Amino acid sequence: MKLGARILKTGIAIVLALLLSELFRLPSPIFAGIAAIFAVQPTIYRSYLSIIEQVQGNIIGAIVAVLFVVTLGNNVAVIGLAAIIVITINLKLNISNTISLSLVTLIAIMESPGDEFIEFALIRFLTILLGILSAFIVNLVFLPPKYEKKLYFRIASLTEEATRWIRMNTRHASEHTFLKKDIEKIKDDLLKVNQLYLMYKEERSYFKKNTATKARKLVIYRQMISTTKKAIEILKRLHRFENDVIHLPDDFHLEIQHQLDFLIERHEQIMLKFIGKVKREKSIEEDKLCLNRQELFSLFIAKQKEIDYENEVTFFHIMQLISFIIEYDEHLNHLDVLVTSFKSYHTKENELNMEETIQE
């Protein structure tokens, strides 16, 4: 188990909330610590949005608690009714993420009202607000998340996994059941990659000069993900139509294998070029050994007359596979153009530092 940045930030936020509570001599500092737990977010931007929502939830909980205690008292049944009202209000205002903190505020204020109830309620409200602010400060200052490195490594790892299976499948070396399980894992990993992309997109640059670079990188990473999706689609078709592919004529099957091997190698080179491990001027003479998209499609049309299809379904299966190979090639071309352009216009200080980072 890795000690992630969010785990560290949560611990630091709790400590800061408790220390500030003691510094300001606030009673029941534990509520500040609890509030800090709810307010820690994976990105600074989300932390900014969260602090606004959490303050709203804190206010809702405090107001409902005061109104119910003043009018109905603090009977157990009354607290339960007040909790229902708080949840309903949060849902109506579309801030369901703050329900937990709103209920903490509600119970903290309603638990033991005395003669100076209003003052007591205000102190509890401020204590919880202090916890929220502590979490925001920690997220802003300590271990600010750097999602770009994580995003690249996840995309590279996912691409490697998919292309390795493609190579094995085209050589009939993959085991059908194991590949099926791994495809499900690849789908889950793809969801995580999309989440990381959104988090990276939400990161804000502190300097305006980095805004243009960030915008171009977002386009490149989006195209990286899209290209990897095409590779995954090819893998899924190879797995699903495995029996159809096996019965293709040997020369046509070898041509598909060669085509995919070339595209996979090119994909790997583009990924490495983006991080500076392959020169921009690398020769592409290998293109002469590979069919272009039009030639591949023409070969497929020509070969259909030689293939003894059992039914039209088999023909459409192979057509889907060829279609995705062509789309994969197109996406690779676009990705190559984007990466080459980026490397041409941006100096080394804008290059990605590929050192391992603390996992979120």
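**Group meeting: helix packing and a surface patch**

Okay, let's start with Leu140, which sits in helix α6; helices here are DSSP runs of H or I, at least four residues, numbered from the N terminus. Before I go on: this is a predicted model, so to speak, with local features needing pLDDT of at least 70, side-chain atom pairs counting only at pLDDT 80 or more, and totals for chains, interfaces and linings using all residues. Residues are numbered from 1 along each chain as its sequence is written, and side-chain values use heavy atoms, with hydrogens and water left out.

Back to Leu140: together with Ile12, Ile137, Val141 and Phe142, Leu140 makes a nonpolar surface patch of about 390 Å². Patch residues have over 30% relative accessible area and no salt bridge, with nonpolar side chains joined within 5 Å. Areas are Shrake-Rupley with a 1.4 Å probe, and a salt bridge is a Lys or Arg side-chain nitrogen within 4 Å of an Asp or Glu carboxyl oxygen. Helix α6 (residues 117–141) gives the largest share, three residues.

Now, α3. Helix α3 (residues 44–72) packs on helix α5 (residues 99–110) at about 35°, axes 8 Å apart; axes are fitted to C-alpha atoms over the stretch in contact, and angles run from 0 to 180 degrees between N-to-C directions.

What about α3 and helix α4 (residues 76–92), at what angle do they pack? About 145°, with axes 10 Å apart. Gly57, Gly61 and Phe68 turn up here too, among the α3 residues that meet α4.

Technical notes. Helices (H or I, at least four residues) and strands (E, at least two) are DSSP runs, numbered from the N terminus. Patches are made of residues with over 30% relative accessible area and no salt bridge: like charges are joined within 9 Å, nonpolar side chains (Val, Leu, Ile, Met, Phe, Trp, Tyr) within 5 Å. Contact means heavy atoms within 4.5 Å.
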